[in-house]
Amino acid sequence: MKAVLDFCWLFLMLHTPGVLSLSTHVAIIYPQDPVLRMGSNLTASCWVHPDLGVHASSLFWTLNGQQLPSSLYRVLSPTNLSVTLAGLNASRQTSGDNLVCHNHKGHILAGSCLYVGMPPEKPVNLTCWSRNTKDLTCSWAPGGKGETNISTQYRLKYKLRWYGTEKQCEDYTHTQPYSCSITQDLHLFTPYEIWVEASNQLGRATSDVITLDILDVVTTDPPSGVTVSRVGQLEDQLSVRWEAPPALKDFLFQAKYQIRYRLEDSQDWKVMDDVGNQTSCRLAGLRPGTVYFVQVRCNPVGIYGSRKAGIWSEWSHPTAASTPHSERLMSGSCDSKSSGDSNSTLRRELKQFFGWVRKHAYGCSSMSMKLYDQWRVLMQKSHKARNQVGSPRG
């Protein structure tokens, strides 16, 4: 395959109008390096130099190394053999398919690259974001099925909405495919018009134009200094603290945060959406004696007075911590049947109250968390008292 590609590129470099002629080559193929739509028909001719002393009927054709059947050939003259290809399929590689003319011994006389594909369709899903207002990165997707089967160029273009001149993004080194980053001469408080142009040898297409202000599409670095710690001996809680993204500490914005956490042996994250703008939160209702992984991310709401929410940052690196073991579980004690009977009504009411408190404490509300803490302490004291009463005396 490499030899085929190298040979194809060699012919591309050698082919210049007026250079390929029988005065300098033993043979030529016409048309040379055609670009065709999928499903097209092609008739190509191999013309050999009369001084070569080779009759056209002794020649044969190959396409990508596979010999084509002689039923497709036609001898046009003693020095000219044609081949007709009907309903061409898409090129196997963007560098073209290799159509080659051989003599009767199999030696290569001439070659041509066939580019068979489709014109690009309008690029779609154009979205942009700014990392800490220092750049503007945009990504998009090819239109339609996305595959043209021939080399297609995508160019991100932009201009200031009212008075700017059209410019072209230059940095296509972003890790995402179909993306480009604008890193110089950025203007804040001014809307941009941005679009993508796709082009190949069969046509061109342009995406819809989007209009945006950089301040409305800001995303930050993840929050830093994330720590997770126990809350005393409360076996079903963990405390999470973090710092605002360093790059935006001096900017005028109101951040909001999200937390997600999962069990050590699980890949399913549970997300807390109602953390608000505080930089600490209490996770409640956790399993005792269990390791949890926790992450935090930030959204810069209203940066520099913008009325739109920003874009969520990436999640911080996972931070792990474990909840304390439950004293009740570790002691191995259980309530007696008689005790359970006498307190069944109270237990049922307390269970309902406990469920209500835990539900309202889940969202990091300071008032409900205080009430929840008091309830947990009371419950633990009650468990200890029952365990002491129920333990046998020596």
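This is a predicted model: local features need pLDDT of at least 70, side-chain atom pairs count only at pLDDT 80 or more; totals for chains, interfaces and linings use all residues.
Good morning. Ala44 is buried, with a relative accessible area of 2%; buried here means under 20% relative accessible area, exposed over 50%, and partly exposed in between, with a 1.4 Å probe and protein chains only. Residues are numbered from 1 along each chain as its sequence is written, and side-chain values use heavy atoms, with hydrogens and water left out.

Ala44 lies in strand E3; strands are DSSP runs of at least two residues, numbered from the N terminus. Which residues does Ala44 touch, leaving aside its neighbours within four places in sequence? They are Ile29, Tyr30, Pro31, Trp61, Leu81, Ser82, Val83 and Leu99, where contact means heavy atoms within 4.5 Å. Ser82 is 38 residues from Ala44 along the chain, yet their C-alpha atoms are separated by 5.4 Å.

Let us turn to strand E7. Of the 6 residues in E7 (residues 80-85), 5 are buried. Strand E3 (residues 42-48) runs antiparallel to E7, and 6 bridges join them; two strands pair if DSSP finds at least two bridges between them. Within this pairing, Thr43 has Thr84 as its bridge partner. E7 also pairs with strand E6 (residues 73-77), again in the antiparallel sense, over 4 bridges. Here Ser77 stands opposite Asn80, and the two strands form a hairpin with 2 residues between them.

E19 is joined to E20 (residues 238-243) by 5 bridges, and Ser229 stands opposite Ser239.

Finally, a pocket. The second largest pocket has a volume of about 230 Å³, the space filled by probe spheres set on grid points joined across faces, edges and corners. A pocket is an open set of points on a 1 Å grid over the protein atoms alone, where a 1.4 Å probe fits, with protein on both sides within 12 Å along at least five of seven lines; lining residues have an atom within 4 Å of a point. Of its 14 lining residues, the closest to the centre are Trp129, Arg131, His174, Thr219 and Glu314. Thank you.
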